[in-house]
Amino acid sequence: MSLSLILLLFLIISITFFGYIFIGLNPVIVSLDILLIQVEIQLGYIILFTFLIGITFAIILEILYFSARRTNKIEKDKT
C-alpha cells in the first residue's frame, strides 16, 4: 500500500470515529427553522454535517484550482 492510501484510510477512520464522539457528546436537541419548516435535530449531527459539507466544499475548490493550474501548464508547454 502506498503512503497516500494509508493516510486516506486513516483520515476516513478518524473522521468516522470523531463523528461518533460528536454525536454522543452533544445529545442536546436544537430547533432549526429552515425555510418555514421547523426541524429538531441533535447538536452532534449538526456539527458533523457542517464539518462534512466544509470538507466537501474545500475538496471541490481544490480540484477546480489544480485542474485550472494543470490546463494552464499544458497550454504554456504547447507554445
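Let me start with a definition: a residue is buried under 20% relative accessible area, exposed over 50%, and partly exposed in between, using a 1.4 Å probe and protein chains only. By that rule Gly-19, at 3% relative accessibility, counts as buried.

Now the provenance. This is a predicted model, in which local features need pLDDT of at least 70 and side-chain atom pairs count only at pLDDT 80 or more, while totals for chains, interfaces and linings use all residues. Residues are numbered from 1 along each chain as its sequence is written, and side-chain values use heavy atoms, with hydrogens and water left out.

Next, the overall layout. The protein has 2 helices and 2 strands, and from the N terminus on the order is α-β-β-α. Helices (H or I, at least four residues) and strands (E, at least two) are DSSP runs, numbered from the N terminus.

How much of the protein is buried? Of its 79 residues, 8% are buried. Among contacts with a separation of 6 or more, 18% are between residues 24 or more positions apart, where contact means heavy atoms within 4.5 Å.

On to helix 1. Gly-19 belongs to helix 1. Its C-alpha atom is separated by 9.7 Å from that of Leu-52, which is 33 residues away along the chain. Ser-14 also sits in helix 1, which covers residues 3-25. Is Ser-14 buried or exposed? With a relative accessible area of 18%, Ser-14 is buried. A polar atom of the Ser-14 side chain lies 2.9 Å from the backbone oxygen of Leu-11.

Then the strands and the loop. Leu-35 is found in the loop between strand 1 (29-34) and strand 2 (37-42), and Leu-36 lies in that loop as well. Phi is positive in both: near 45° for Leu-35, a residue other than glycine, and near 70° for Leu-36, again not a glycine. Leu-35 is exposed at 79% relative accessibility, and Leu-36 is exposed at 86%.

Which residues form the nonpolar patch on the surface? They are Leu-32, Ile-34, Leu-35, Ile-37 and Val-39, with about 470 Å² of accessible area together. Strand 1 and strand 2 are the elements that give two or more residues to this patch. Patches take residues with over 30% relative accessible area and no salt bridge, joining like charges within 9 Å and nonpolar side chains (Val, Leu, Ile, Met, Phe, Trp, Tyr) within 5 Å. A salt bridge here is a side-chain nitrogen of Lys or Arg within 4 Å of a carboxyl oxygen of Asp or Glu.

Last, the rings. The structure holds 2 aromatic pairs. Phe-17 and Phe-18 have ring centres 5.5 Å apart and planes at 65°, so they are edge-to-face. Tyr-65 and Phe-66 are also edge-to-face, at 5.1 Å centre to centre with 70° between the planes. The rule is that rings of Phe, Tyr and Trp (its six-membered ring) pair if their centres lie within 6.5 Å, with planes under 30 degrees apart stacked, over 60 edge-to-face and the rest tilted. Phe-18 is partly exposed at 45% relative accessibility, and Phe-66 is partly exposed at 44%.

Key
Polar contact = N/O pair within 3.5 Å; in protein donor to acceptor, adjacent residues only side chain to side chain. Areas by Shrake-Rupley, 256 points an atom, 1.4 Å probe, with all protein chains shown as cover.
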